[in-house]
Amino acid sequence: MLFSQKAKGFFVEINDHAVMFARTSAPAAPFTVEDLRECPPRDPAALEEALRQIQPKKAPSGYLHATVGVYPGKRLVRRHSIELKRAKEPGYFAEVCSQQFRIEQDKYSIAILNATDGSDFDVAKSVQKDLLFCGLPTDEVANIQTSLLEGGVYPERLELGTVAMLGGVVDYLGHAKSKTPTLVLEIGTDATHSFIVTSAGVEASRPIPQGLDAMVPIVQKELGLKDEESARKLFYSNTFDFTGMGPLLTKRLLKELQSSIGFYEVQTGQSVGQVLTTQLPPKLGWLDGAISSALGISGVRVDAAAWLQSRQITLPDTLAKTAQDLRWFGLLGLMAQYNAAHAVSAEEKK
């Protein structure tokens, strides 16, 4: 056999700010998380060292065989309510892609899921009109796979990290018996993906064309720095306390978020009561508090160990503190496997 059956499981997440790794005692649950590590993105030497540490005994193939979650810049993760009576019309979904998402369907690899439970949408049988369109440009799939192989990672399964993360949040809210609609934010370098999620599924989505880099010119202006590069270094280094500037730096982003929340609350009569921000680099962790404070809602405190235990994943005490950091939530979501029919069980509805 070219690839021998491995006893361990490996999970990798690659986002704008970090490459994150987990080694587990088996490829599929039940298992124990044995190690969690991370390294900076776009740093081949750091990646090589992290791979050596996460897999001390190299596989015969020379690659780390892993389940990989990625966050390509042009990823599509959008909730949309379709017209069921038109679903079987030729060209209807291409029309949705071009008119609603401003993309060409034939240039994307797209999966369509039911927004409530993440199961595959079946146009022949479905009576569910609320769908989650997930995808990325087809040529980007090949680029990502090539890049992973060059870095020493063989992707046994390649997933959109956003989808795994959202599945984790829905499942976590169900586990915690929380009925509070939750704002979930992925703040990247160039854009922010925002979602409103409950234990019943993904309720709303909105891509916002503003990320962390949009805050840099404001830093430059407010601090009177000579150029944008100096402002960028200062902003990402956290050698200056930006907390006081939080409302100014997040003003444009907050305006978009308030618009999304307001629309959702009017439509549903439910109030968004908490926010969960994944992926912020540690030095920009203060942004989470700045956003929740400005919106007047609380941040989510996740009990990762208890949730994972419900999915037959054991998190040792030595790793519990690390896993509490919400930056790891996407990777944890990649590990957990859910019953697609989960949505909200009868027990959880009580």
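How do the residues of the lining of the second largest cavity divide into nonpolar, polar and charged? They divide into 7 nonpolar, 1 polar and no charged. Ala, Val, Leu, Ile, Met, Phe, Trp, Tyr, Cys and Pro count as nonpolar, Asp, Glu, Lys and Arg as charged, and the others, Gly among them, as polar.

This is a predicted model, where local features need pLDDT of at least 70 and side-chain atom pairs count only at pLDDT 80 or more, while totals for chains, interfaces and linings use all residues. Residues are numbered from 1 along each chain as its sequence is written, and side-chain values use heavy atoms, with hydrogens and water left out.

**Cavities**

- The whole structure holds 2 cavities of 30 Å³ or more. A cavity is a set of points, on a 1 Å grid over the protein atoms alone, where a 1.4 Å probe fits but cannot get out; lining residues have an atom within 4 Å of a point.
- Grid points are joined across faces, edges and corners, and a volume is the space filled by probe spheres set on the points.
- The largest cavity has about 60 Å³ of space. Its lining consists of Gln210, Gly211, Ala214, Met215, Ile218, Leu249, Arg252 and Leu253. That lining has 5 nonpolar, 2 polar and 1 charged residues.
- The second largest cavity has about 30 Å³. Val169, Tyr172, Leu173, Thr182, Leu276, Val300, Val302 and Phe329 line it. Helix α4 (residues 161-175) gives the most to this lining, with 3 residues.

**Helix α9**

- Helices (H or I, at least four residues) and strands (E, at least two) are DSSP runs, numbered from the N terminus.
- α9 (residues 286-295) is mostly covered, with 7 of its 10 residues buried (under 20% relative accessible area, 1.4 Å probe, protein chains only).
- The buried residues are Trp286, Leu287, Asp288, Ala290, Ile291, Ser292 and Leu295.
- Their cover includes β9 (182-187), α6 (228-237), α7 (246-249), α8 (251-268), β12 (274-278) and β13 (298-299).
- Glycine 296 follows α9, and its phi is positive, near 75 degrees.

**Packing of α5 and α6**

- α5 (residues 216-223) and α6 pack at about 105 degrees, with axes 8 Å apart. Axes are lines fitted to C-alpha atoms over the stretch in contact, and angles run from 0 to 180 degrees between N-to-C directions.
- The two helices are therefore roughly perpendicular (65 to 115 degrees).
- Val216, Pro217, Val219, Gln220 and Leu223 of α5 meet Glu228, Ala231, Arg232, Leu234, Phe235 and Tyr236 of α6. Contact means heavy atoms within 4.5 Å. The residues of this contact divide into 8 nonpolar, 1 polar and 2 charged.

Technical notes: Buried means under 20% relative accessible area, exposed over 50%, partly exposed in between (1.4 Å probe, protein chains only). On a 1 Å grid over the protein atoms alone, a cavity is a set of points where a 1.4 Å probe fits but cannot get out, and a pocket is an open set with protein on both sides within 12 Å along at least five of seven lines; lining residues have an atom within 4 Å of a point. Angles under 35 degrees count as roughly parallel, over 145 as roughly antiparallel, 65 to 115 as roughly perpendicular and the rest as oblique.
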